[in-house]
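Try each task before you read its solution.

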Amino acid sequence: MSADETTHAAPGTGPGDEAGRAPASVVDAAAAAAQEPSSATAVEARGELAEIEPVVGVSKPDAILVADDVVRRFGGMTACDVDHLEVQRGAITALIGPNGAGKTTFFNLLTGFDTPQSGTWSFEGRSLQGKSGARVAKAGMVRTFQLTKALSRLTVLQNMLLAAPDNPGERFWLSWLPFTWRAHEMAATEKAMEILARFKLADKAPDYAGSLSGGQRKLLEMARALMTDPTMIMLDEPMAGVNPVLVQSLLGHVQALRDEGMTVLFVEHDMHAVRHISDWVVVMAEGRIVAEGPPASVMRDQAVVDAYLGAHHDTDLGDDSLLDPEILARLEAEEEKR
Ligand SMILES: Nc1ncnc2c1ncn2[C@@H]1O[C@H](COP(=O)(O)OP(=O)(O)OP(=O)(O)O)[C@@H](O)[C@H]1O
Ligand SMILES: [Mg+2]
């Protein structure tokens, strides 16, 4: 399959269907859901969000992630200082803000890749502070990285298998029972291939990850995250450097995951993408959360406009009148499906 074919992939279709298999993985189900009306959870999550007041720190009706007083300083500079944030279960929440606002730092702290000077946070009611990235992922919260972490000298499939949870080959007391790890490896390979098929990367499975295009690496990053069947996925700029057609496909995947019931928190600078797929938007500037609310109203908020204009004079906040009519038509078609 050419890179071009990959980039033209419509969300929710894949060779898995051609093989006549019933949807077996979370991605299959998610992709199937993208074609259907949203799941009850997703519709409910959105309905509940529409009812609440768009003020910083507002309680969510069904919060899956709650963070309090999370502070990270580098030398004298405060990169992150979040008083209170709740993330609604089953919804797509976008975390936006100018460069250097502290979005990645906040992600790193929540997911165990960095340690704050202070703060508490819990996921599904369980405290995650002090837990390693691996423990956080095991709890059901996985993240992708702004700079993709795929290992170039491993194949695409090997990259996927590395992300598989609980490889018994790594456990000493099971490693001498070859049938144990062989069965595990076969199941993991099957799962990896299903997910890759969904992302139009199945043909790339034997290729070195280093040979993938930037956009395909972003897809691989998302595919890897799904190997652990997460409850919540956190994406750090999943669309950066990705061509516009592939962006459409990625947006479709993100919506499909939400429609399946997964919670999505994503950092993004593309305001059109944010405006069209988010159920809720959280805005950071200089380490603090300065606004939160539904996309349309947040992007009109003066604090948000000021935060962006302070650093990004050329950023439009998703004003559709500035959008190419063809792209707008596509985005509207996406929205109608919701
Ligand atoms: N390891 C570090 N050491 C020192 N300073 C850091 C470190 N990591 C981040 N910073 C600083 O913290 C601030 C917040 O950075 P962060 O990467 O979280 O911003 P961001 O909102 O993700 O920006 P972008 O949109 O450009 O990705 C920046 O001023 C950055 O230079
Ligand atoms: Mg960042």
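**Exercise 1: a helix and its surroundings**

Helix α10 is largely enclosed by the rest of the structure, because 12 of its 13 residues are buried. A residue counts as buried if 20 or more other C-beta atoms lie within 10 Å of its own, as exposed if 12 or fewer do, and as partly exposed in between, with C-beta atoms placed from the backbone. Before going on, note that this is a predicted model, in which local features need pLDDT of at least 70, side-chain atom pairs count only at pLDDT 80 or more, and totals for chains, interfaces and linings use all residues. Residues are numbered from 1 along each chain as its sequence is written, while chains are lettered from A and ligands numbered from 1 in the order in which they are written.

Task: find which residues of α10 are buried, and check the span of the helix against its 13 residues.

Solution. Step one: the buried residues run through Gly 215, Gln 216, Arg 217, Lys 218, Leu 219, Leu 220, Glu 221, Met 222, Ala 223, Arg 224, Ala 225 and Leu 226. Step two: helices (H or I, at least four residues) and strands (E, at least two) are DSSP runs, numbered from the N terminus, and α10 covers residues 214–226. Step three: the expected span is 1.5 Å times one less than the number of residues.

**Exercise 2: the six-stranded sheet**

Task: work out in what order the six strands of the open sheet lie, and which strands stand at the edges.

Solution. Step one: two strands pair if DSSP finds at least two bridges between them. Step two: with that rule the order is β6-β7-β8-β3-β9-β10, and the pairing is mixed. Step three: β6 (141–143) and β10 (288–293) each have a single partner strand, so one side of each is left without a neighbour in the sheet.

Now follow β7 (residues 232–236). It pairs with β6 in the parallel sense over three bridges, where Met 141 stands opposite Met 232. With β8 it pairs in the parallel sense over five bridges, and Asp 236 has Val 267 as its bridge partner.

**Exercise 3: the shell around ligand 1**

Task: which helix gives the most residues to the shell around ligand 1, and how do the shell residues divide by type?

Solution. Step one: a residue is near the ligand if its C-beta atom, placed from the backbone, lies within 6 Å of it. The residues around ligand 1 include Phe 74, Asn 99, Lys 103, Thr 104, Thr 105 and Gln 146. Step two: α5 gives the most, with three residues. Eight of the eight residues of this helix (residues 103–110) are buried. Step three: Ala, Val, Leu, Ile, Met, Phe, Trp, Tyr, Cys and Pro count as nonpolar, Asp, Glu, Lys and Arg as charged, and the others, Gly among them, as polar. The shell then holds three nonpolar, seven polar and one charged.
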